[in-house]
Amino acid sequence: MKEKVNIYKSGIVYTQNGIQQAFVTDGGRFIYVGDEKGAMAYKGNVIDLQGRFVCAGFNDSHMHLLNFGYTLCCADLSKCTKSISQLIETFRLWKEQQPDEKQWLWGRGFNQDYFQDEHRMLNRYDLDKVDNTKPVVAVRACGHVCVVNTKALEQLGIETQPQMEGGFVDVDSEGRPLGIFRDNAMSLVYNKMPPLSVEEVKGMLKQASQTVSSYGVTSVQTDDLATFPSTSWQTVVKAYEELVKENQLTVRVSEQCCLNKLERIPEFIEQCWIPYQEKGNPTLNEKNEKADCSWFKPGSLKIVGDGSLGARTAYMLKRYNDDETTKGIKMYETEELAAMIRLARNNKMPVCIHAIGDGMMEMVLDAYEAVLLKELQSNNEKEGCRRGSLDHRCGVVHCQIMRPEHYRRFQQLGLHAYIQSIFLDYDIRIVEQRVGKTIAKSSYNFKRFLDMGISLSNGSDCPVELPDVMKGIQCAVTRKSLDGVWGPYLPDQALTVKEALDSYTVGGAYASFEEKQKGDIREGMLADFVILGENPFEVESNAISDIPVLETWVNGTCVYKNGSVHVVKKKR
């Protein structure tokens, strides 16, 4: 057993109990945290941290790991910011490097707000210039809009504007589709994809997890089950389970289970949720010190309520300030949301709901109230008390456009806020244009959440943004764009470095009922930690994003160092 012991000395070790000098790990856990003298009393391999900053591994509390893996196989359009012509040329160059048998050409990451030649959305005619013999698909950075070329429209058999709930297809003045599919309408494109095999899913997840490790991320809460409509959730779960058995994951995964339709939830609960609870899932273990903290487990039920602000598909109470023709898109009615929440809560399953527009936030709060207040009343009656609270850890993902009264209701319901501070880099450029100055003042109020005692965690929504934690921390602290040109936007809502760092560590662990297992460097906790090149508390706030991740350790094993990824050796 002695060979498992690692002694780390001479570091600046950030913990919830203050800065320490050293720590010791054994069998994937911290067994000592304190001063160097205490650490050196152990016998084992000594690692000199040389004064470097160490903190608990980062937890990205909302992302799309499988979609990220797929994106890594697509044309990267995220850097095509100058013009539509630049995007076309980039896509062409990527196409030339692909095998001839590739039937569909996919790219992701464009943002039409950055185009300097023409300020408009891409359309079919632009992508015809990439290739007019094969279907071409370009997905917007937010993932709520995709654009296809004429060949794709022909293969999809779409000649007029189809009618569907929760999405639409843009048409020109003569009613002809422009190749622009928004939100649920994107399923018309994705449904044509052949189903992926377990091995294909494993390959994407493996590549994505290794890339995520390079950013110091040791845990993710990820929405993967509905990434590809033609690929079943059973296939995705099996892929994860096989990767765990094969020791191929480099991050711990808590799945935010998106199933899209009410009728699909019971099957999932019976076949996946309940069996995992019987293994010791900490969501049901009140004394979760010994709860299973496996490499993969189902977490919250994920519901997508609306679209994105950048695509003007986030659902608003009033029409967009810069587009009077739309209020955005809502995926469900309040009653449907409540029914899905109720089904999950009847099985003690937490819920997290994507809500970006203030209209969707209002609906989500109404739906939560319809279920959680009754649950609280029933719980109090069973306990024989008048007042109490529920540790349900249900929450809202994104929490962007909100009105002042929403925060009070959020607090009363005990909801958790899943924020993405990295969104400020782009959104502060458009928020006032989209929603007006008045609503913009009560939006992205991250500090208000903390001041009101509302639990909060941070993430990237990757592949919408890269899982670059240091950039997210900088945006949370400065409230400026990363280049410093835009902002500060509502500087009174800035987080301190500590608050921002904690939102990526203890905050994420709390969201998945694992705060007694990870999120801090403390004796008995999982040995998941990151070594940084600089101390974020000591550098200028506008330089936090420049701090490099030197090493990422999961389960006491280094999975990333000096630009290389290492497979985790897990305790058997």
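This is a predicted model: local features need pLDDT of at least 70, side-chain atom pairs count only at pLDDT 80 or more; totals for chains, interfaces and linings use all residues.
## Nonpolar cores

The largest nonpolar core comprises 136 residues. Within this core, the residues with the most contacts are Phe58, Leu65, Trp106, Phe181, Tyr368, Phe410 and Phe449. Helix H11, spanning residues 358–383, contributes the most to this core, namely nine residues. Another core, of 23 residues, lies apart from it and includes Leu127, Cys142, Leu178 and Ala311. In soluble globular proteins, nonpolar side chains tend to be buried together.

Leaving aside residues up to four places away in sequence, Phe58 touches Tyr215, Gly216, Val217, Thr218 and Ser219, among others. The residues it touches also include Val469, Met470, Leu501, Tyr504, Thr505, Val530 and Leu532.

## Helix H12

Helix H12 covers residues 404–413, and its buried residues are His406, Tyr407, Arg409, Phe410 and Leu413. Viewed down the axis of H12, these buried residues fall within an arc of 165°, so they line one face of the helix. Phe410 is also among the residues with the most contacts inside the largest nonpolar core. Gly414 follows H12 and has a positive phi, near 65°.

## The four-stranded sheet

An open sheet is formed by four strands in the order S5-S4-S1-S6, with mixed pairing. Strands S5 (29–34) and S6 (45–48) stand at the edges; each has a single partner strand, so one side of each is left without a neighbour in the sheet. From one strand to the next, the twist averages 20°.

Strand S1, residues 6–9, pairs with S6 in the parallel sense over four bridges. Lys9 has Asp48 in S6 as its bridge partner.

Note on methods
Residues are numbered from 1 along each chain as its sequence is written. Side-chain values use heavy atoms; hydrogens and water are left out. A nonpolar core is a set of buried Ala, Val, Leu, Ile, Met, Phe, Trp, Tyr and Cys residues joined through side-chain atoms within 4.5 Å. Buried means under 20% relative accessible area, exposed over 50%, partly exposed in between (1.4 Å probe, protein chains only). Helices (H or I, at least four residues) and strands (E, at least two) are DSSP runs, numbered from the N terminus. Contact means heavy atoms within 4.5 Å. The arc is that of the directions from the helix axis to the C-beta atoms. Two strands pair if DSSP finds at least two bridges between them. Axes are lines fitted to C-alpha atoms, for helices over the stretch in contact, and angles run from 0 to 180 degrees between N-to-C directions.
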